Amino acid sequence: MNKEVRVRFAPSPTGPLHIGGVRTALYNYLFARKMGGKMLLRIEDTDQTRFVENAEQYILEALQWIGITIDEGPSVGGPCAPYRQSERKPMYKQYALQLVESGNAYYAFDTPEELEAMRKRLEAQKVASPAYNAITRTQMKNSLTLPEDEVKRRLEAGEPYVIRLKVPRKDEIRLNDLVRGWVMVHSSAIDDKVLMKSDGMPTYHLANVVDDHLMEITHVIRGEEWLPSAPLHVLLYKFLGWEETMPQFAHLPLLLKPDGNGKLSKRDADAGGFPVFPLDWKFQNKETGKDETWIGFREQGYLSDAVTNFLAFLGWNPGTNQELFTMEELIQAFSIERVGKSGTKFDIDKAKWFNQQYLKNKSGAELVPFLQKELQQRQLNASPESLVRICDLLKERLVFAHDLWNQGAYFFLSPTEYDPQVVTSKWTQEAVTVITSYAAALDKLPSLTAEQAKSTLNEVLEAQGVKMGKVLQALRVAITGVGAGPDLMQIMEVLGKQATVARIQQALTVLNSKVIA
RNA sequence: GCUCCGUUCGUCUAGGGGUUAGGACACAAGAUUUUCAUUCUUGCAACAGGGGUUCGAUUCCCCUACGGAGUACCA
């Protein structure tokens with residue numbers, strides 16, 4: 001009875017994988033690993049009209065970036081191959097036919113126009129829920145209303161048809177959702193869903209149930225948007241005779257817009273200036289013909305560990321005060337029972353905070369590649385040792401990896417301008433006098449360490465009877481051009497004696513006219 | 001409209017028939033850092049409303065309100 005846990009992530013390749021999809025994948029993965037089970041990836045590409053080139057590759061890359069490994073899937077194969085529904089097309093029809101034979105499904109020949117006309121008619125009659133169902137199907141062109149020989153004739157003539165599920169008129173369908181508990185729906189609320197489209201492809205509902213059965217999926221963990229169709233799926237399992245092995249369902253709360261209304265969408269990214277995709281997605285806008293990019297977390301400077309941690313907490317929590325989790329820790333701590341029921345607003349501030357925490361916990365050496373990337377873009381260079389030092393000095397003040405440059409450009413470029421706010425308040429005659437002597441004193445040193453820089457400054461200060469607070473900000477702006485940053489003495493050491501003195505002298509010259517009395 | 005799901009600080013949430021309703025983000029103040037950031041301390045701030053059940057309800061039940069999802073030959 002203790003079957004191996006098998007879960008699947010089943011996206012459809014219609015564009016870049018949304019961050020909500022990544023979270024669904026993550027929860028599946030955490031659950032699979034926690035239970036010592038298998039994680040499958042299945043590509044649900046039954047809608048050929050919405051298929052997007054490269055989307056599958058994007059999905060794979062996104063999962064890999066986040067640290068999700070797939071046990072079975074299109075790229076790695078497995079005992080249930082193929083894992084793309086388009087490649088499984090021939091497998092579905094027999095199940096649809098099985099349903100027709102058992103009297104649980106039927107052929108329907110209605111044209112789109114006829115369907116539209118039916119809906120219009122029902123609306124005009126003020127029918128509560130216009131649908132193709134137990135009542136209306138008696139008035140449509142299908143194998144339940146048409147004479148048997150005509151059905152046969154139409155089928156043989158190759159007329160287009162679909163296969164619809166014959167939903168019972170009166171039945172109570174119930175399912176025990178792992179997140180929400182018992183959910184009950186009356187069958188009259190479900191319409192006669194199309195199972196097999198006229199192009200011979202199954203719809204999501206059929207393909208999903210058939211594949212989950214064939215792939216021996218034990219737990220279906222997916223977004224809440226599927227909850228309303230879950231009873232339909234239960235019905236399918238029942239009619240197909242698979243009730244005994246029906247997977248357990250767990251419907252995850254939705255990711256909502258930060259400002260309140262609705263599902264998180266691409267628009268929110270544009271409006272809020274934050275990503276809703278894991279990776280950049282480059283494409284050509286069909287309307288304008290222009291190349292566009294939808295920004296991704298990775299390219300925005302988010303660390304994958306931070307994004308994973310952030311996503312894990314969107315709808316789940318460990319019940320303790322611990323917030324920082326490695327993937328391994330998440331696997332240990334994860335349980336579906338602790339998944340929340342209510343929708344979760346997407347709070348980018350929290351994502352930033354996680355990123356900051358992860359950046360801060362890295363060593364200087366680990367951050368060097370990020371800095372190097374920035375330097376390469378600007379064709380700058382520095383010794384590996386100094387890069388490590390710089391990263392160490394800067395890491396506590398980063399939110400994003402690229403802040404290494406924003407916060408520390410002065411390590412590589414002599415200031416060309418000086419923060420006017422600092423200059424107008426701190427560039428006093430007194431400070432200038434001290435700084436002038438200080439530069440001269442530094443110049444006499446054979447080399448420069450932070451220690452020496454400090455003791456030398458103290459000596460000059462003492463000789464002139466000035467307090468450090470009166471000059472340090474001025475000195476900082478002279479050397480870095482800005483009023484904030486890590487320990488100035490450390491900066492000087494990294495810069496070295498020559499550059500430090502040269503920068504001070506340059507500032508003294510440039511700011512000569514700005515001295516305040 | 002109809003069906004389903006949900007509702008604890010601004011946000012993410014813990015908790016649970018009797019609690020000073022806890023934590024985190026954000027925000028504010030203070031300390032440290034002669035800067036900024038970090039760090040630390042403190043503060044701010046919530047059980048949607050109405051009925052039950054109960055000695056007692058934020059917690060259980062019902063209703064209402066609000067929010068969300070679904071309602072395609074899309075997934």
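**View 1. Antiparallel pairing of strands S3 and S4 in the predicted model.** Four bridges join S3 to strand S4 (residues 162-165) in the antiparallel sense; strands (E, at least two residues) and helices (H or I, at least four residues) are DSSP runs numbered from the N terminus, and two strands pair if DSSP finds at least two bridges between them. Within this pairing, Ala-108 stands opposite Val-162 of S4. This is a predicted model, in which local features need pLDDT of at least 70 and side-chain atom pairs count only at pLDDT 80 or more, while totals for chains, interfaces and linings use all residues. Residues are numbered from 1 along each chain as its sequence is written, chains are lettered from A and ligands numbered from 1 in the order in which they are written, and side-chain values use heavy atoms, with hydrogens and water left out.

**View 2. The protein surface near RNA strand B.** RNA strand B is surrounded by 57 residues, the closest being Lys-197, Glu-323, Arg-397, Met-468 and Gly-469; a residue is near the strand if one of its heavy atoms lies within 4 Å of it. At least two residues of this surface come from each of S4, strand S6 (181-186), strand S13 (344-345), helix H11 (348-360) and helix H18 (472-480). H11 supplies the largest share, five residues.

**View 3. Polar contacts with RNA strand B.** A polar contact is a pair of N or O atoms within 3.5 Å. A polar backbone atom of Ser-198 lies 2.8 Å from a base oxygen of RNA strand B, and one of Gly-315 lies 3.5 Å from a phosphate oxygen. Arg-338 places a polar side-chain atom 3.3 Å from a sugar or linking oxygen of the RNA strand. Sugar or phosphate accounts for 73% of the atoms of RNA strand B within 4 Å of the protein, and bases for the rest.

Definitions and conventions. Polar contact = N/O pair within 3.5 Å; in protein donor to acceptor, adjacent residues only side chain to side chain.
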